[in-house]
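This report describes the fold, the helix packing and the nonpolar cores of the structure shown below.

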Amino acid sequence: MSETELTERELHDVQVAEVITPLTVASAAVEGAGQRMPRQSSRRGIRALMPRWSGKLAIGLGLLTAIVAFGVAGPWFTQDPRDSDNPSLQPPSPEHLLGTTKLGYDVLAQLAQGTQGSLMVGVIAGLIALGLSIVFGILAGYLGGWGDETLSLVTNIMLVIPGLPLVMVIATYFPARSWLLVAFVLGITSWAGSAVVLRAQTRSLRSRDYVSAARVAGERAPRVILVEVLPNLLPLLAAQFLFAIIFAILGEAGLSYLGLGATDSITWGTILNDAQTGQALGTGAWWWFVPPGLLIALLGCGLALINFSIDEIINPKLRIAPENARRQRKAAKAGRGIAGPGLPTATTTTAEGISA
Amino acid sequence: MSATIMPSADATGEARAQGQGGSLEARNLVKDFRLRSGLKVSMLHAVKDISFTVEAGRTIALVGESGSGKSTIARMLAKLEAPSSGGVFIDGAPSGSRGRALERYRSEVQMVFQDPFASLNPFHSISHHLERPIRLHHPGLGRAEVASRVEELLERVQLEPATRYLERRPHELSGGQRQRVAIARALAPGARFIIADEPVSMLDVSIRLGVLNLLAELQREAQLGVLYITHDLATARHFSDEILVMYRGDIVERGPADEVILNPQHEYTMRLLEAAADPERHGALRDEVRRAE
């Protein structure tokens, strides 16, 4: 039978064998209709992976850029942060824009240096956590069997060890701590949560047909992981990386505040620690502790906002539902809603129900 | 052991007489899955001692309900699962399952998956899906040669003009177009045998015929041996020379396609045939439901 093209009658048989409805007994030419070219998409290649432009993303990126720029360029324009020749505990003035500390350091200079220190710790710790979670999460998820059991065991142990106490114990072992050591310690204690998520996601991706198809085509395991599986995890990895940075910066600030942070560099945490020991709160020297605290909060806010935008790539529902709710509200306000202008409350409840 | 009612000796003998070389043979394939539920371990016999031979240029249909072990056989032949016992023989020689031997086997035997929406990686372009197998199985080719082969493959599966599809991603194509890409990918290494695991079951009824005709045409061109796995008896009869009916891991009936459909011997085959819609009995089901009320 495979030797001949089917006649009209046989074609009818094949289709009727499925479901008998007048709709399905259409001609084979229908496929021509299916061949209609999809709308030329403007979001292809790597751009399809980028978050869509939105208010959230703009504010988040704005905050992040401003803080990074301050950290990079700040130290060039301020005086030496360890120069104690200034008068002590001066409130903000044109000479010292953010005042001075008890020991006569310029707060703005310290802040610029501290931004650099905190960001470096955050990025290095984030990269370490990312690398470890990729190895333990993706490898475990892809390998399965004994490899999975072993890697998962390590992940689970790291997951139940409380992070900050462990970091404190490790930190107290080293009397002199460089910022790199602090970043390293924060990195190796914070990867387990991401690894669990990555393992689950990889297990799901691994059983997809396209991974089987790549294996049938003859791809080797490392390439299957790196080229077929990993790209589909990129949005997740980006979100986890940003989260790891926030976590590390907060962790570093906490450690430094307790006096267990880096001893060789200035960070937001060490400034806060100095302010605490210098009784800034008691003497009302708000210019000493408010700026570093504010920067920590703003950076966390910025990274979280970017993270929300990335979340919308992973889960498009997050983007579509609020959009629809907004449209519905607007329509109701303009009197075009289904419920009509007389029932504004009913419409809002539905809109919220959808976005929830 | 399977209840072999109609030995397929005459069908396979014909192909040999034509002088078409090559065969893909499943010999006494068994696959058991260990099911673990807490501490209890039970065995699921997915495939019980199955043997058949796919000859070059011929199509064998494997028909059966969901869970009858059809897809497990496909995965074993594609070397995605290792059989519990038994083996896969190509041209009479045992096939390798690792290293160079596996590579050679893969360049001979390729698979088309059931779901074209899942079998293409959403991250990669169409050209990537076709380039990789060509590069893997023909490492000597230059960039331009690979590109021209990709275009040639797309044209062979009637995706023309090829340049229009190269840079697209799977989500920009329709189900039928995607399955054509999947078929092109299976052809890319220059395979002699294609395992088609329900290649049209996820497609619209209206475009199934196009894809099946394409498969038949490609088979004719390159004298491919095709294992066509399906649950649809009508297409199995139209497109295959021989039909194997599977039920719970066993082959319960086998023979030339028309013979199995027109003169079913096994009870299960008869039930399958009855379940298939038949224009002669238009409305029979409706009457039955009404009577039940």
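## Contacts and surface of chain A

Of the contacts (heavy atoms within 4.5 Å) in chain A between residues at least 6 apart in sequence, 68% link residues at least 24 apart. The model is predicted: local features need pLDDT of at least 70 and side-chain atom pairs pLDDT 80 or more, while totals for chains, interfaces and linings use all residues. Residues are numbered from 1 along each chain, chains are lettered from A and ligands numbered from 1 in written order, and side-chain values use heavy atoms, without hydrogens and water.

Chain A contains 16 helices and zero strands, assigned as DSSP runs (H or I, at least four residues; E, at least two) numbered from the N terminus. Of its 356 residues, 41% are buried, meaning under 20% relative accessible area with a 1.4 Å probe, protein chains only.

## Packing of α4 and α12 in chain A

The axes of helix α4 (residues 107-143) of chain A and helix α12 (residues 268-277) of chain A come within 7 Å and cross at roughly 130 degrees; axes are lines fitted to C-alpha atoms over the stretch in contact, with angles from 0 to 180 degrees between N-to-C directions. On α4(A), the contact involves A:Q110, A:L111, A:G114, A:T115 and A:S118, and on α12(A) A:W268, A:I271 and A:D274.

## Nonpolar cores

The largest nonpolar core has 50 residues, of which B:L154, B:V157, B:I183, B:L187 and B:I243 touch the most other members. Such a core joins buried Ala, Val, Leu, Ile, Met, Phe, Trp, Tyr and Cys residues through side-chain atoms within 4.5 Å. Helix α8 (residues 205-222) of chain B gives the largest share, eight residues. A second, separate core of 42 residues includes A:L111, A:L198, A:L230 and A:A285.
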